[in-house]
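Student: Please take one part of this model and go through it closely. I would like to know which way its residues face and what lies against them.

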Amino acid sequence: MYKIFALLQRAPDTDWYAFRNILREDIPRALRQIPAGKAINRIEAFNVLERDFRPTTNADNHQWSGVLGLHFDSREEALAAAQDDVFIGALSARSDMVSDWSISVVREVPVSEEDDYFEGSCKVFAFFTNTLPKDNPMSREEMFNRWNEHAGRMQGARLDQLMNKFTQNQVLPDFHAANPRYDYDGVSEIWFPSVEKGELLFKNYDAEQTIIPSSAQMGGEPGGCVYLRTDEFDAYRRAD
């Protein structure tokens, strides 16, 4: 499965509910009406409920208000849409309500899912960047291997038991965001049974003592991560 994550920032004078409406309805409808959008098989809309859900992160102050998850069957379809001027124009057309935006093209890699996973549980995104110094770079492919090792360390510390579901979204090695500030390398999607369970992972000193050194081994630092707690809404699903 391949996806485009579109991140949008709400304009300062735009009502929160009006922004949620365009995220759930107007933009998905516009994307589906253009040729490149015909390949989309599902659209998820996520309104941000809490920025910086994990404290001491987001040093660059990325102020996202909403996320769209656009699902494609193939890498080629996702990349074609991301490079299509009409598609990008439809995504960014609501400049009256959206002050900034960016996209990431990813390959979805499910890691774990509990049998009792249910819709409506606490959802958290972590958009992160490889923050290693430029004179000691790590390729995205190497980072993905270390990401798997990081997931194993979380399981070894039994921190995975706090989650209902965890999915890796690996940004394609040959894709880079138009704005280098938003050129993320990976996106974690984590579902928790409750906000309180999520806080036990990301707002707990003991858990942080495991997460911080483990993240460093995959080239990440807290300041290079953007954690967003969101709602979850199915805006479109193609009939089989």
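**Two sides of helix α4**

Tutor: The exposed residues Asn145 and Gly156 sit on the face of α4 that is turned away from its buried side. The model is a predicted one, and the description below is of that model.

Helix α4 runs over residues 140-156, which makes 17 residues.

The buried residues of α4 are Arg140, Met143, Phe144, Trp147, His150, Ala151 and Met154. They cover an arc of only 110 degrees around the axis, which means that they lie on the same side of α4. The spacing follows a general rule: an α-helix has 3.6 residues a turn, so residues three or four places apart point the same way. Buried here means under 20% relative accessible area, whereas exposed means over 50%.

As for what lies against that side, the cover over the buried residues of α4 includes the strands β5 (122-128), β6 (165-171) and β7 (186-192). Helix α6 (205-216) is also included in this cover.

Just after α4 comes arginine 158, whose phi is positive, at about 65 degrees.

To put the two faces together: Asn145 and Gly156 are exposed on the side turned away, while the buried set, including Phe144 and Trp147, is covered by elements among them β6 and α6.

Technical notes
Residues are numbered from 1 along each chain as its sequence is written. This is a predicted model: local features need pLDDT of at least 70, side-chain atom pairs count only at pLDDT 80 or more; totals for chains, interfaces and linings use all residues. Side-chain values use heavy atoms; hydrogens and water are left out. Helices (H or I, at least four residues) and strands (E, at least two) are DSSP runs, numbered from the N terminus. The expected span of a helix is 1.5 Å times one less than its number of residues. Buried means under 20% relative accessible area, exposed over 50%, partly exposed in between (1.4 Å probe, protein chains only). The arc is that of the directions from the helix axis to the C-beta atoms. Contact means heavy atoms within 4.5 Å.
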